[in-house]
Amino acid sequence: MTNFSANFQNSDHFRFLKFPHSLLSDKRYAGITNDAKLLYALMLDRTSLSVKHSWYDREGRLFIYYTVKEIEGTLQCSHNKVLRMLDELENVRLIQRAKQGQGKPTKFYIKKIL
C-alpha cells in the first residue's frame, strides 16, 4: 500500500492550471467548446515560460509558441480538432495567431479576458 501523504508532498503530479472563471460565466464565451476553453487555460499557463525567456515582439507584446503537434499530444486529440479549437479562440478574440512561414512555428498572442 502506498503512503498517499508522502507521494503527495514529493510528486510533480499535482501541478494545477489557472482557469479563468469568466470562461464559464461570461456569455461572450458561451459558444465555444469546453475543450477550447481548456486550451486557452493551457496557453495562459505557457505565458510564464515566455516571460522567463523574454519572448516579446518589437512592439513589446508577449507571445507564446505552442505547436499544433504539441497541443495534439497534450490534449490527446486530432490535428483537425486542434485547428477548430484555435479557430474558436481566435473568433472570440482570446488569441491572435502570427504565422511566420518557412517552417517556423506560429506565434500566439494571448489576449486578456475583459
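**Strand pairing and the nonpolar core**

Ala98 has Lys107 as its bridge partner in strand β3. The model is predicted, so local features need pLDDT of at least 70 and side-chain atom pairs count only at pLDDT 80 or more, while totals for chains, interfaces and linings use all residues. Residues are numbered from 1 along each chain as its sequence is written, and side-chain values use heavy atoms, leaving out hydrogens and water.

Strand β2 (residues 95-98) runs antiparallel to β3, and four bridges join the two. Strands are DSSP runs of E with at least two residues, helices are runs of H or I with at least four, and both are numbered from the N terminus. Two strands pair if DSSP finds at least two bridges between them. Gln96 is bridged to Tyr109 of β3. Strand β1 (residues 64-65) also pairs with β3, in the antiparallel sense, over two bridges. Here Ile64 has Phe108 as its partner.

From β3 (residues 107-110), Lys107 and Tyr109 point one way. Phe108 and Ile110 point the other way, and all four are buried (under 20% relative accessible area, with exposed over 50% and partly exposed in between; 1.4 Å probe, protein chains only). In β2, Ile95 and Arg97 form a covered face, whereas Gln96 and Ala98 form an uncovered one.

The largest nonpolar core has 20 residues. Such a core is a set of buried Ala, Val, Leu, Ile, Met, Phe, Trp, Tyr and Cys residues joined through side-chain atoms within 4.5 Å. Those with the most contacts inside the core include Leu89, Ile95 and Phe108. Helix α3 (34-52), α5 (79-91) and β3 each give two or more residues to this core. The most come from α3, with five. Leu89 touches Ile32, Ala36, Leu39, Tyr40, Met43, Leu94 and Ile95, not counting residues up to four places away in sequence; contact means heavy atoms within 4.5 Å.
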